[in-house]
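Please consult the sequence and the model while reading.

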Amino acid sequence: MLKKLPKENMGKSDLGWLESRFHFSFAEYRNPKNVHFGVLRVLNDDIVKPKTGFEMHPHENMEIISYIVDGEITHKDSMGNSETLKRGEVQYLSAGDGIYHSEKNEGTINLRLLQIWIFPPQKGLPRLYGSHRYKFEDRDNKLLNIVSSQEGNSSIKIYQDINIYVSELDINKTLEYRIEQNRQIYFVQVEGKSTLNNIELDFGDACEVTNESKIEIKALEKSHILFIEMKK
């Protein structure tokens with residue numbers, strides 16, 4: 001079963017320095033019928049204006065992945081980490097019993113990123129931080145596994161049993177992904193337009209995929225996609 005989630009029906013916020021589209025209940029967007037999908041708690045599509053950003057703030061017992069779509073993000077945290085990442089690169093942390101961090105756009109163009117929060121399998125796990133500078137050719141017309149569980153094959157490993165995939169597809173290119181039993185997918189059309197099992201998705205749209213054995217993605221124009229595969 002595929003449930004299309006048009007971007008027009010998602011939560012929205014414009015604070016001037018920050019424009020956000022909330023896939024799930026978050027901040028001022030309160031929707032008790034749309035709090036999470038499986039272990040996926042938050043997916044925010046954020047645009048951060050130049051010379052602004054999220055000041056130092058705390059997190060605990062959450063696994064947080066930032067996928068950079070445009071611009072650059074500068075991360076600093078209470079563990080002493082500091083780095084700047086750009087398009088297609090990924091930063092992650094498992095907050096464990098507590099961590100403070102900031103995320104700033106110190107550049108001259110808008111920063112667009114997807115902020116993804118995943119419930120950890122248990123509370124109080126050791127804190128993790130890391131990043132990976134994936135290259136365009138890694139995701140050019142093919143699926144790239146940017147995040148996996150500790151038992152998975154990705155360069156980035158978190159505690160929860162998930163896989164995150166991305167791809168940039170040329171027009172009319174297709175990809176297929178087989179879904180194992182008792183697994184499900186949350187799919188995001190990051191840029192461009194494509195069909196997902198013949199359901200058309202425009203940029204910013206999403207789709208919940210349950211009780212399916214596979215998905216087939218076809219780019220109707222130059223497309224950029226991301227999906228999170230997880231247990232039901």
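## A buried asparagine

Asn-105 is buried, with a relative accessible area of 1%; buried means under 20%, exposed over 50% and partly exposed in between, with a 1.4 Å probe and protein chains only. The model is predicted, so local features need pLDDT of at least 70 and side-chain atom pairs pLDDT 80 or more, while totals for chains, interfaces and linings use all residues. Residues are numbered from 1 along each chain as its sequence is written, and side-chain values use heavy atoms, without hydrogens and water.

Asn-105 belongs to strand β10 (residues 99-105); strands are DSSP runs of E with at least two residues, numbered from the N terminus. Its side chain reaches the backbone oxygen of Val-48 at 2.9 Å.

## Nonpolar cores

A nonpolar core is a set of buried Ala, Val, Leu, Ile, Met, Phe, Trp, Tyr and Cys residues joined through side-chain atoms within 4.5 Å. The largest one has 31 residues, and Ile-146, Tyr-186 and Leu-226 have the most contacts inside it. Strands that each supply at least two residues of this core include β4 (40-48) and β22 (223-231). A second, separate core of 17 residues includes Leu-175 and Val-209.

## Positive phi angles

Most residues other than glycine have a negative phi. Lys-51, however, has a positive phi of about 65°, and this residue is exposed, with a relative accessible area of 61%. Asn-198 has a positive phi near 75° and lies in the loop between β18 (193-196) and β19 (199-202).

Definitions and conventions. Helices (H or I, at least four residues) and strands (E, at least two) are DSSP runs, numbered from the N terminus. A polar contact is a pair of N or O atoms within 3.5 Å; within protein, one must be able to donate a hydrogen and the other to accept it, and residues adjacent in sequence count only if both atoms are side-chain atoms.
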